[in-house]
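Biologist: I would like a close look at the aromatic rings in this model. Please take one of them as the starting point.

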Amino acid sequence: MRSNKVRLNCGITMPLLGFGTFSFPYDSHKTQLAVQTALKMGYRHFDTAQVYGSEPAVGYALSQSILHQTVDRQDFFVTSKLWGSDHHDPVSALNRTLKEVGMEYIDMYLVHWPVKLKPWAWYTMPNEEDFEQNLEMEKTWAGMERCLDLGLCRSIGVSNFSTTKLIRLMDVASVPPAVNQVEMHPMWRQAKLRGVCAEYNIHVSAYSPLGGPGNAWGSTSVVDNPIIQSIALKHQLTPAQVALNWGLSKGCSMIVKSFNRNRMLENIQALDMKLDDRDITEIDKLEERKIMRAEVYVNDTTSPYKTIEQLWDGEI
């Protein structure tokens, strides 16, 4: 059985399976119940973000579990993210997050996107007038490092960064990012990015490891793929378990999101299973297509990214 944790470059360990808490439409009560159920099942990594709106529900569910002595604070790992409208002041943003989750610190704080927005643009779909032209990642990252120095978080990282943006960040960072959380699944395998992250000892964490079925932007193309389904049949697994096992075999952590009890159980059971080398080779031959393309951050007037290729530095 594989280890269920990974040691990050900052020295702390992170559970390999994370429980995602983005949902639309958002329902606080359902999120609280899902987090409490996930804890009982053995999930120990909870992924949230300021822009998801789920920080208070995650915090309440976890604090209730501490109160009832189900878990101690050091038993679980919380990740949250800096939204584009807070790039000018990550310390204040993280202090707000800590107030929302009701904790003295979180375990991981990520720059959500390499996109800087005006301070008022706190929503997921920015308008044309909401963009800042200059990303100034050096200043943003200095703020992230300050969060670490102040003990507001135990590690810092990024999300949705291409290899080019990651290498540029490494040129100005005093503290390297511990994690790059990106879309990754059998049909978007991120081989180039994983190679660069390995060189810099940056851990790759996969969101939408099943292709995001159930999300408005997501797809069932991963779990419906005939190769994935045939491998599942061979091992008496589900297609979701095959997809998760493929990602785990690459040394990556998986952020899974389902509030359905059966699927939650199915996902966590994937930690106890393993594919053979032939399965991995077959999956590695599948045609690739990025699902989360993020066209909303591209426009030819106010965004620094005039094309989708610029946002992803041609890695799309």
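What does Tyr 123 count as at 24% relative accessibility?

Modeller: Tyr 123 counts as partly exposed at 24% relative accessibility (buried means under 20% relative accessible area, exposed over 50%, partly exposed in between, with a 1.4 Å probe and protein chains only). The model is predicted: local features need pLDDT of at least 70, side-chain atom pairs count only at pLDDT 80 or more, and totals for chains, interfaces and linings use all residues. Residues are numbered from 1 along each chain as its sequence is written, and side-chain values use heavy atoms, leaving out hydrogens and water.

Searching the whole structure gives 7 aromatic pairs (ring centres of Phe, Tyr and Trp, the last by its six-membered ring, within 6.5 Å; planes under 30 degrees apart are stacked, over 60 edge-to-face, the rest tilted). Phe 19 and Tyr 43 are edge-to-face because their planes stand at 65 degrees, with the centres 5.3 Å apart. Phe 19 belongs to strand 3 (residues 17-20), whereas Tyr 43 is in the loop between helix 1 (28-41) and strand 4 (45-47), 24 residues apart; helices (H or I, at least four residues) and strands (E, at least two) are DSSP runs numbered from the N terminus. Phe 19 is buried at 0% relative accessible area, and Tyr 43 is buried at 1%. Tyr 123 itself pairs edge-to-face with Trp 122, at 5.6 Å between centres and 65 degrees between planes. Trp 122 is exposed, at 55% relative accessibility.

Ring pairs also join Phe 19, Tyr 43, Phe 46 and Phe 259 into a cluster. The charged end of Lys 257 sits over the Phe 259 ring, 4.4 Å from its centre (NZ of Lys or CZ of Arg within 6 Å of the ring centre and within 35 degrees of the ring normal).
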